[in-house]
Structure formats: structure tokens, C-alpha cells
Amino acid sequence: MLVLSRQRDESIMIGDNIVITIVDIRGDKVRLGINAPAEIPVHRQEVYEAIQRENLRASRLAPSDTQGIGRMANRGTSNGQPTPPPAGRGIEPR
Amino acid sequence: MRITTTRFGRIDVDGSDIITFHSGLPGLEGCREWALLADSSNDALGWLQCTTRGDVALAVVSPRRFVPDYSVRIPRSELTPLAIDDLHQAQVVVVVGRTGKKLTLNLKAPIVINLEARTGRQVVASGDLPLQFVLCSEQPPLKKSA
């Protein structure tokens with residue numbers, strides 16, 4: 001791993017379009033400012049990893065697991081919110 | 001386009017029904033093209049089926065139907081790639097998961113879809129929101145099939 005020393009208000013460039021600036025240092029906490037193109041997602045690592053794990057778990061859900069989910073909807077208070085996807089075609093899970 | 005899926009068998013998907021996630025989804029980075037399907041046996045539920053991997057699908061719901069006070073704040077930078085300025089121009093769904101026998105909703109990372117452009121992105125919402133919001137059921141537990 002490349003290790004660089006920086007002071008407050010100093011920056012690091014990654015490639016030619018990502019700039020990370022040390023905004024503040026207080027005790028063991030560092031605040032970073034990140035300038036990156038919109039198409040490059042920036043995440044806190046632990047949050048990103050938790051979402052990865054959750055997506056992988058969710059991607060193994062079977063249609064039979066979701067039976068009864070309709071009964072859990074708060075129909076009375078839904079403000080007439082439409083059902084989720086104005087989707088393509090109905091599919092009949094086998 | 002005909003795709004073979006592990007859950008739904010063979011299904012035909014119109015090219016115009018395909019939603020492109022340019023960054024994939026966290027954990028499913030290789031899955032960029034998805035079809036949004038309605039579940040004919042359950043009108044509260046939809047499925048995002050990956051068109052290139054038949055075994056990958058995510059159950060999705062409209063969060064407000066389940067969590068009426070769910071208000072999601074998403075940094076504007078997360079919406080820019082979708083070419084939308086605010087969420088009113090988009091369809092927001094959340095992914096259904098399961099913890100033990102309980103169904104959960106990922107309220108922290110909703111999926112935002114620009115229906116016109118057919119592009120989507122899973123975003124990280126601001127604030128302290130659960131990745132596994134447990135859905136309460138007043139119903140008795142589901143019958144186990146033998």
C-alpha cells in the first residue's frame with residue numbers, strides 16, 4: 001500500500017479526476033473531502049461491504065419465501081402509493 | 001430476448017423492458033442488465049431478474065407500502081448518474097431479504113430507477129436507516145411445505 005503524509009487542507013490526486021482533501025483532523029478522526037466524477041461511486045467501506053453482503057443474501061431469496069408479503073403492506077396508510085413496478089409482464093413462478 | 005431463469009423458468013423480456021445498472025450492484029457488480037418483472041401471484045412484489053445470470057434475482061417492493069413514514073434522502077451526487085434531479089422523476093424500490101424466517105427490507109440502500117432512460121442504480125441513503133428492517137406479520141408463520 002502506498003502511504004503518504006498529508007496535512008490539513010492538503011490533497012491527494014488519484015488519476016487526473018479524483019481529488020481527496022484532508023478537511024479536518026481531530027484526535028483520531030480525519031474528515032476527508034472527495035471530488036470524483038459522478039459515475040465513480042464513493043462509499044464508506046464498511047457500509048459498502050454490508051450492502052454487498054445484504055444483496056448477495058437477498059439474491060438467494062426464492063419466490064416461496066415471499067408468500068404473505070402482501071399481507072404485511074400497510075394498505076390503509078399507503079397514501080395511494082402505486083404497487084411497485086409498472087413492470088413488463090406477469091410471471092408465474094414455477 | 002428469451003432468458004432462462006432458475007426461479008421463473010424461461011421468460012421473454014422485451015429489450016425495452018431492460019434496465020441498465022451501469023455500476024452493477026454492490027456484491028453483484030457483474031450484473032448490469034436487469035428486467036423488472038411483476039409477480040402475478042403477489043401484487044405488492046416485483047422481481048429484478050438479472051438477464052445475464054438466470055440464478056440472480058432480487059425481490060423488490062415499493063417501500064412506502066410497507067413503511068409509510070420512510071422518507072429517503074439521497075445525496076444529489078448519487079442521482080446525477082441517473083440523469084435525474086430529484087426522486088419524483090424516479091421509481092424507488094427496496095430489496096427484500098430474509099433473516100431467519102423473517103422478511104426484511106433494505107431501507108439503507110434503495111434502488112432508484114429512471115424509467116424513461118431505463119437506467120438504475122442502488123444508492124446509499126443518508127441517515128441512520130436499517131439494512132434489515134424486519135417486516136412484521138400479524139399472520140401466523142407460513143406453513144412449512146413438507
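Two strands are taken to pair if DSSP finds at least two bridges between them, and helices (H or I, at least four residues) and strands (E, at least two) are DSSP runs, numbered from the N terminus. The structure is a predicted model, in which local features need pLDDT of at least 70 and side-chain atom pairs count only at pLDDT 80 or more, whereas totals for chains, interfaces and linings use all residues. Residues are numbered from 1 along each chain as its sequence is written, and chains are lettered from A and ligands numbered from 1 in the order in which they are written.

In chain B, strand β1 (residues 2–5) and strand β2 (residues 9–12) pair in the antiparallel sense over four bridges. These two strands, β1(B) and β2(B), form a hairpin with three residues between them, and within this pairing Thr4(B) lies opposite Arg10(B) of β2(B).

Chain A contains one helix and four strands, and its elements follow the order β-β-β-α-β from the N terminus on. Three of the strands make up an open antiparallel sheet in the order β1-β2-β3 (chain A). Because β1 (11–14) and β3 (29–35) of chain A stand at the edges, each with a single partner strand, one side of each is left without a neighbour in the sheet. From one strand to the next, the twist averages 25°, with axes being lines fitted to C-alpha atoms, for helices over the stretch in contact, and angles running from 0 to 180 degrees between N-to-C directions. Strand β2 (residues 18–26) of chain A is joined to β3(A) by seven bridges, the two running antiparallel, and Arg26(A) has Lys29(A) in β3(A) as its bridge partner.

Of the 94 residues of chain A, 12% count as buried (20 or more other C-beta atoms within 10 Å of the residue's own, C-beta atoms being placed from the backbone). Among the contacts in chain A with a separation of 6 or more, 3% are accounted for by residues 24 or more positions apart, where two residues are in contact if their C-beta atoms, placed from the backbone, lie within 7 Å.

Between the chains, 56 residues of chain B are in contact with 44 residues of chain A. On the side of chain B that touches chain A, β2, β4 (33–39), β6 (57–61), α1 (63–66) and β7 (91–99) of chain B each supply at least two residues, and β7(B) gives the most, with six residues. By class, this side of chain B has 31 nonpolar, 17 polar and eight charged residues, where Ala, Val, Leu, Ile, Met, Phe, Trp, Tyr, Cys and Pro count as nonpolar, Asp, Glu, Lys and Arg as charged, and the others, Gly among them, as polar.
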